[in-house]
Amino acid sequence: MSSLFFTLSNGHFNYSHAAKSFKAAQVYFMERGDQGVKDYMIKLRRLGVIYDSPYASEMMDLMKDAKLEGFIESGGNPLANGAKWALQWSQKFYSFGDDFYKIIGFENEKAMLMKHRGLTEAQAEKEAAERIRNTYPTYSMIGKGINALRRFPLVGTFVSFPAEIIRTSYNITKYLADDIKAYGIKDPIVQRKLAGYAIAAGLISGISMLSAAIAG
């Protein structure tokens, strides 16, 4: 659910695009779906939008560090088979949790670029994919130095997501500043992203205050 804040921060408010995310779930979890959905996901993967989740990828790296991957892959006993099944489904849920919102963000960004920047569909898809990779958690964008920190006992294991919060926050701000400079404060995309940025920042504080008030 935390990925919802990335859609808000980027001004990706049109959640009707979630229909495409739900259709993608069949391919993720059931490995089936109509050819159109499969082709769509292949295109998004080629663009680097999906199948690049920090949590899912770091989970596999942690398994390698712990030398458990060989045990799970060996199979042959109920414990190993059960662990393999649990790991596979955990990876799918982690990965889809990120990609569900990345698909929404990609379609929002693409639509805005076509409508307000006059880009062709192919141009908009390429630009939207780059922006999604820079403003949503993307494992391949994490530096090797950050990944090495998970082996440092005073930091913890899943360091990639906090690192991605820093990277994506910087890029969201940078894109917004660049758009303001290029198109002005009255530009529709700029106004939408400013509103989203404010909502996301305010909502985090608001939820904190509300939960404290409810708990007394």
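Modeller: Before we start, contact means heavy atoms within 4.5 Å. This is a predicted model, with local features needing pLDDT of at least 70 and side-chain atom pairs counting only at pLDDT 80 or more, while totals for chains, interfaces and linings use all residues. Residues are numbered from 1 along each chain as its sequence is written, and side-chain values use heavy atoms, with hydrogens and water left out.

Colleague: Where does V27 lie? And is V27 buried or exposed?

Modeller: V27 lies in helix 2; helices are DSSP runs of H or I with at least four residues, strands are E runs of at least two, and numbering starts at the N terminus. V27 counts as buried, at 16% relative accessibility. The cut-offs are under 20% relative accessible area for buried, over 50% for exposed, and partly exposed in between, using a 1.4 Å probe and protein chains only.

Colleague: Which residues make the contact?

Modeller: From helix 2 we have K20, K23, A24, V27 and Y28, and from helix 3 V37, K38, Y40 and M41. The residues of this contact split into six nonpolar, no polar and three charged. In that scheme Ala, Val, Leu, Ile, Met, Phe, Trp, Tyr, Cys and Pro are nonpolar, Asp, Glu, Lys and Arg are charged, and the others, Gly among them, are polar.

Colleague: Switching topic. How many salt bridges does the count come to?

Modeller: The count comes to 12 salt bridges, each being a side-chain nitrogen of Lys or Arg within 4 Å of a carboxyl oxygen of Asp or Glu. In one of them E121 pairs with K110, the closest N and O atoms being 2.9 Å apart. E121 lies in helix 7 (residues 121–135) and K110 in helix 6 (residues 78–116), so this pair ties together parts 11 residues apart in sequence.

Colleague: Which other residue forms a salt bridge with K110?

Modeller: E125, with closest N and O atoms 3.1 Å apart. This pair also links helix 6 to helix 7, across 15 residues. K110 and E125 are buried, whereas E121 is partly exposed at 43% relative accessible area.

Colleague: And what meets E127 in a salt bridge?

Modeller: R131, at 3.1 Å from N to O. E127 and R131 both lie in helix 7, four residues apart, about one turn of the helix. They also belong to a network of salt bridges linking E109, E127, R131, D179 and K193.

Colleague: How do helix 7 and helix 9 pack?

Modeller: Helix 9 spans residues 160–183, and it packs with helix 7 at an angle of about 135°, the axes being 7 Å apart. Helix 7 and helix 9 are therefore oblique to each other. The contact is made by E130, R131, R133, N134 and T135 of helix 7 and by R167, T168, N171, I172, Y175 and D179 of helix 9. Its residues divide into two nonpolar, four polar and five charged.

Colleague: Last one. Where does R117 lie?

Modeller: R117 lies in the loop between helix 6 and helix 7, and R117 is buried at 18% relative accessible area. Not counting residues up to four places away in sequence, R117 touches M112, D179, Y183, D187 and I189.

Terms used: Axes are lines fitted to C-alpha atoms, for helices over the stretch in contact, and angles run from 0 to 180 degrees between N-to-C directions. Angles under 35 degrees count as roughly parallel, over 145 as roughly antiparallel, 65 to 115 as roughly perpendicular and the rest as oblique.
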